[in-house]
Amino acid sequence: MKVRVTETYEDMSDAALALIMDQIRIKPDAVLGLAAGSTPLLLYKKMGEAARDKTIDFSRIRTFNLDEYIGLAPDNPQSYHYFMKKQLFDALGLPPEHTMMPDGMADDIAAECARYGAMIEAAGGIDLLVLGIGSNTHIGFNEPGPAFVPETHVVELSDATRQANSRFFKSVDDTPRWAVSMGIRDIMFAKNILLLASGAGKTEALWKAVCGDITPMAPASILQLHRNVLVLADKAAAARLQRNESEAD
Ligand code: GLP
């Protein structure tokens, strides 16, 4: 894993934007994998500005999001569909058929998981996957557990994740218990992975991802086995890595 530490969250977001633009310059119809959550917010804002200023043409990219809550309709402001549309897709002017997300409202959720995984494969896989990391080391909604789940699947969210994500809901009780997430194979088959981490709340999780044992109890640790992972972290998130610099390479 390569680790690049930036001074600030803004520097991290600028570096991520540069890498995404490089990818699109190499392949204008690149397939991007995208995360919801607070970490990529500034990156998405900057992508919107790059589209507005015509710095780069996003019109041919296709995107696959990592996950979605079960039971939230796309027009629910707490859904990831809504989040992505407001934070990125509208600004990029991408048509809905270019922006794939798991359907958390599907009647047959098992069939939806199979459909979503097959769509990623049919698109030729993901060229560049932008990941965040949960403070419990989850990636997408792959939660710590006894085994890695390879394919797109239904997840029962951990108490820690519901607690963390309750900031977007009225209360923890109001926070969905179930989600659909890309699986670890879907993630590991991405050609390039960019893992973003910002803030002191991610310091321990990032250390486990980069320096800890590879274990399903710390899902992000599997990324140590991927050929092309770049961790972009601000100083606060990387604080423990910098104390263990020799281990971070
Ligand atoms: C969320 C999402 C992840 C995201 C992670 C970190 O629950 N399912 O895709 O990367 O947790 O979120 P944040 O960036 O808000 O800290």
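Reader: What lies 2.6 Å from the backbone oxygen of Ala190?

Author: In this predicted model, a polar atom of the His226 side chain is found 2.6 Å from the backbone oxygen of Ala190.

Reader: And where is His226 placed?

Author: His226 belongs to the loop between α7 (203–211) and β10 (229–234).

Reader: Is His226 buried or exposed?

Author: His226 counts as buried, because its relative accessibility is 9% and the cut-off for buried is under 20%.

Reader: How many residues of α7 are buried?

Author: The count is 7 of the 9 residues, so α7 is largely enclosed by the rest of the structure.

Reader: Which residues of α7 are they?

Author: The buried residues in α7 are Thr203, Ala205, Leu206, Trp207, Ala209, Val210 and Cys211.

Reader: Which residues come nearest to the ligand?

Author: Of the 14 residues around the ligand, those that come nearest are Ser38, Thr39, His138, Arg167 and Lys202.

Reader: How many residues of that shell are nonpolar, polar and charged?

Author: By class, the shell around the ligand consists of 4 nonpolar, 7 polar and 3 charged residues.

Reader: What does His138 do in terms of distance to an oxygen atom of the ligand?

Author: An N or O atom in the side chain of His138 is 2.8 Å from an oxygen atom of the ligand.

Reader: Which residues have polar atoms at a nitrogen atom of the ligand?

Author: Tyr80 has a polar side-chain atom 3.5 Å from a nitrogen atom of the ligand. For Gly140, a polar backbone atom is 3.2 Å from a nitrogen atom of the ligand.

Reader: How much of the ligand's accessible area does the protein cover?

Author: On its own the ligand has 390 Å² of accessible area, and the protein covers 94% of that.

Reader: A change of topic: what is the phi of Thr137?

Author: Thr137 has a phi near 75°, which is positive although the residue is not glycine. Most residues other than glycine have a negative phi.

Reader: Where is Thr137, and is it buried or exposed?

Author: Thr137 is part of the loop between β6 (128–131) and β7 (153–156). With a relative accessible area of 2%, Thr137 is buried.

Reader: What about the phi of Lys54?

Author: Lys54, also not a glycine, has a positive phi of about 55°.

Reader: Is Lys54 buried or exposed, and in which loop does it lie?

Author: Lys54 is exposed, because its relative accessible area is 71% and exposed means over 50%. The loop that holds Lys54 runs between α2 (41–52) and β3 (62–65).

Reader: Back to the loop between β6 and β7: how accessible is Glu151?

Author: Glu151, which lies in that loop between β6 and β7, is partly exposed at a relative accessible area of 36%.

Reader: How far is Glu151 from Gly117?

Author: Their C-alpha atoms are separated by 6.8 Å, while Glu151 and Gly117 are 34 residues apart along the chain.

Reader: Finally, where is Thr8, and what is its contact with Glu10?

Author: Thr8 is in the loop between β1 (2–6) and α1 (9–26). A polar atom of the Thr8 side chain lies 3.4 Å from the backbone nitrogen of Glu10.

Reader: What is the relative accessibility of Thr8?

Author: The value is 34%, so Thr8 counts as partly exposed.

Terms used: Residues numbered from 1 in each chain as written. Predicted model: local features only at pLDDT ≥ 70, side-chain atom pairs only at ≥ 80, totals over all residues. Heavy atoms only, no water. Near = heavy atom within 4 Å. Polar contact = N/O pair within 3.5 Å; in protein donor to acceptor, adjacent residues only side chain to side chain. Areas by Shrake-Rupley, 256 points an atom, 1.4 Å probe, with all protein chains shown as cover. Nonpolar A, V, L, I, M, F, W, Y, C, P; charged D, E, K, R; others polar. Helix = DSSP H or I, 4+ residues; strand = E, 2+ residues; numbered from the N terminus. Buried < 20%, exposed > 50% of the residue type's maximum accessible area, 1.4 Å probe, protein only.
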